[in-house]
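Q: I have a model open and want to learn how to read it. Where do we begin?

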Amino acid sequence: MPTVSRPRAQLINRLLDPEQVIVFDGAMGTVLYAKGVFINQCYDELVLRSPDLVREIHEAYVLAGAEVLETNSFGANRAKLTQYGLDSQVANINRRAAELARAAAGDNRLVAGAVGPLGLRLEPYGPTSREDAHAMFVEQMAALAEGGADCFILETFADLEELEQAVRAARSVDSGMPIIAQATVGTELRTAYGASPEDVARVLDKWGVDIIGLNCSVGPQTILEAIERMAAVTSRKLSAQPNAGMPRDVGGRTMYMASPEYMATYARHLVQAGAKTIGGCCGTTPEHIKAMVEGVRPLAPRTRVVVGDTREQQQSSATASRPVAPLAERSRLGRKLASGQFVTSVEIVPPRGVDTAKLEQDAIALASAGVDAINVPDGPRAQSRMGAIATSLIIERHGIEAVTHYACRDRNLLGMLSDLLGASALGLRNLLLITGDPPKMGPYPDATAVFDIDAIGLTNLVSQLNRGMDPGKNPIGEPTRFVVGVGVNPVAIDAAHELKRFHWKVEAGAEYAITQPVFDPVQLESFLDSIKDTRIPIIAGIWPLVSARNAEFLANEVPGVSVPPEILDRMRRASDKSKEHAVAEGIAIAREMLERVRDAVQGVQVSAPFGKWEYATAVLE
C-alpha cells in the first residue's frame with residue numbers, strides 16, 4: 001500500500017480495529033438523482049463530465065461527519081461501461097473518481113474505492129469465466145488505487161463466486177490494502193443465490209477479508225437481524241450499510257421513506273449488535289449520515305459474545321450434495337435413454353388461448369399411436385402461448401409423458417427456481433433447457449427479455465436441484481428427479497462456438513440433447529463425429545415439410561435451420577403439382593432422413609407442422 005500521512009494511517013488502524021466504530025458516507029446515486037441527473041445516464045461517467053457536482057456531494061458527506069468517503073465508481077467496470085460505449089474509459093473514470101474523493105477527504109478522512117458486481121453471470125450459471133471477471137475487477141481496482149483510494153469496498157454482491165473473484169483481484173492489486181466485502185440479502189435473509197448471512201460471514205472469514213458486511217436491498221431492520229446472525233459465527237469486524245427503508249413508488253418516483261432519526265436509532269442498534277462500520281446505501285443522504293454520526297457517538301466499544309450455531313445453521317454448514325437418482329428411475333423416457341433404446345417424440349405447440357380440447361385429443365391420439373413423449377415448446381419464436389409447464393401437465397393426464405421445454409428468456413433466477421421446484425412437485429420429469437428466442441422475433445418486440453442466465457447456467461441449476469441443492473448450495477430437502485436435456489444445432493453458422501457450448505452443457509450435467517430440425521444427414525453425421533469425446537444420447541429433430549413456402553420460411557427466417565437447395569427444389573416441384581403432392585413429398589423427405597440417421601442417434605423428435613400430428617406419425621410409420 002502506498003505511503004500515507006500519519007492521520008490517515010491512524011484512521012486505517014481505527015478502520016481495522018474490531019472494536020472501533022467508524023462511519024461511512026451514504027448514497028451517491030440518490031443525491032445525484034435529487035439534483036436532476038436522470039437515471040438513463042451513466043452516473044459513474046459524471047466524474048469526467050460533471051466533477052464539481054460529484055465533489056460537492058463528497059464534501060456534503062464530510063460536513064455530515066462521515067469518516068470514509070466512497071468513490072463514485074460502483075458500476076465503473078468494463079462490463080457495465082461497455083453498455084454506454086465507455087469501455088475505453090475504465091481506467092480514466094476510476095482514477096478520477098478516486099482523485100475527486102481524495103480531494104474532498106483530505107488527510108482527515110479515508111477514501112474507499114467502491115466496486116460493485118459486473119452485471120454478468122459467472123460460470124457455471126453464465127458465460128463469463130472466473131478469469132475474465134478477475135481481470136475486469138483488477139482493471140478497475142488498479143485505477144482506484146492509483147487515484148488515491150485507501151481501501152476497497154466490494155458491495156452489493158449476491159453471488160459469492162463473483163465476490164471471491166473481486167476479493168482475489170483486490171489482493172493482487174495491493175495485498176496490504178484493507179478490504180471491506182459486503183453481500184446483499186432480501187427480506188427473507190438470503191442472497192439471490194440462496195446464501196444466508198451465516199454463509200456469507202463464514203465464507204468471507206475464510207477468505208481473510210478484513211471487514212465483513214451487508215448493504216443495500218433492504219432497510220435497517222432486516223440488516224440488523226442479519227448482522228446479529230453474522231456476529232454469532234465470525235470474529236471479524238462487521239459492517240452494515242442499509243437502505244433508508246424499502247423503496248416505495250410515490251407518484252411514479254421511487255422514494256425511500258426512512259427518516260434520518262429512524263436511521264440513527266437503528267445505527268445504534270447495529271453497533272450494539274456488533275457492526276462497528278456503519279453507513280448508508282440507497283435513499284440515504286448527508287442528513288441521514290449526520291443523524292447516524294450523532295446517534296453512535298455516545299456508544300462505548302462493546303465486546304461481542306460468539307454463541308454456538310443454531311440448529312438451522314448446523315444443518316446449513318453440514319450441507320452436502322445428495323446422490324442423483326439413476327436416470328432409469330426418473331421417467332419412462334429416462335429409462336429408454338439409459339437402456340439405449342430408440343425413443344420417439346412429437347412436438348406440439350401449446351394453444352394460443354385457454355381452450356385445451358384439441359391439445360387433449362392430440363395427446364390421446366399420440367399415446368394410442370405408441371409415441372414415447374410429446375415435446376412442448378416454451379414460447380417458440382417469442383410467441384405468446386400457454387405456458388409449457390401447464391401444457392405439459394395437461395398432456396400427462398392422458399398417459400403419455402411430456403418433454404417440457406424451459407426457456408431462460410422470460411424469468412429471472414428466482415422465478416426459474418420457483419417454477420422448477422413447482423414442476424417437480426407436480427410430477428414433471430423430462431426437461432429440455434434452452435436459452436429462448438429474443439422477443440424481437442415475435443409479435444411483442446418491445447417486451448423485456450430477462451436472460452438472467454443462459455441454457456448452460458440453467459443446466460447447472462437443474463443439476464444442482466437433482467442433487468438436492470439450490471444455486472447457493474443450500475439444501476432443498478428431497479432432490480428433484482429431472483431428466484436433463486439440452487438443445488444443439490448441428491448446422492450452426494459458428495460451428496466451433498456451438499461445439500464449445502455443447503461441451504459446456506455436458507459438463508454442466510446435460511444427459512441428452514435434441515437437435516434443431518436437420519435436413520442434411522451429412523451435416524448431422526459430421527457433428528456427431530465431432531462430439532465423440534463427450535457423447536450423450538442425441539435425439540435428431542425432424543420436420544416434415546408441407547409446402548415450398550414452408551420450406552423457404554424455415555430456410556430463410558428460422559434461426560438455426562438449414563434447408564439444402566436440393567430439398568427446396570423437391571418441395572417446389574411437388575408444390576407445383578398440388579398441395580397433397582407437397583405434403584406427401586415432405587413426409588417422404590422426413591422418412592428418408594429418419595432412415596438415414598436411425599443408427600447414428602438414439603431417437604427422433606418429429607415436429608407437427610401447423611398442429612397436424614398426423615404428419616408426424618406418418619413419418620414414424
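Predicted model: local features only at pLDDT ≥ 70, side-chain atom pairs only at ≥ 80, totals over all residues.

A: With cavities. A cavity is a set of grid points where a 1.4 Å probe fits but cannot get out.

Q: Which residues line the second largest cavity?

A: Leu333, Val343, Ser345, Ala373, Val403, Tyr512, Ile514 and Ile539. Strands E11 (343–347) and E16 (512–517) each supply at least two residues of that lining.

Q: Next, cysteines. How many disulfides does the structure hold?

A: A disulfide is a covalent bond between the sulfur atoms of two cysteines. The call requires sulfurs within 2.5 Å. This structure holds zero. For Cys151, the nearest cysteine sulfur belongs to Cys281, 16 Å away. Cys151 is also buried, at 1% relative accessible area. For Cys281, the nearest cysteine sulfur is that of Cys216, at 3.9 Å, and Cys281 is in no disulfide. Cys281 is buried too, at 13%.

Q: What caps the N-terminal end of H8?

A: Asp159 does: one of its side-chain oxygens lies 2.9 Å from the backbone nitrogen of Glu161.

Q: And which elements do the buried residues of H8 pack against?

A: Those residues include Leu160, Leu163 and Val167. The buried residues pack against helix H7 (130–147), strand E4 (151–157), strand E5 (179–183) and helix H9 (197–206).

Key. Residues numbered from 1 in each chain as written. Heavy atoms only, no water. Buried < 20%, exposed > 50% of the residue type's maximum accessible area, 1.4 Å probe, protein only. Helix = DSSP H or I, 4+ residues; strand = E, 2+ residues; numbered from the N terminus. Contact = heavy atoms within 4.5 Å. Polar contact = N/O pair within 3.5 Å; in protein donor to acceptor, adjacent residues only side chain to side chain. 1 Å grid on protein atoms, 1.4 Å probe; cavity = no way out; pocket = protein on both sides within 12 Å on 5 of 7 lines; lining within 4 Å.
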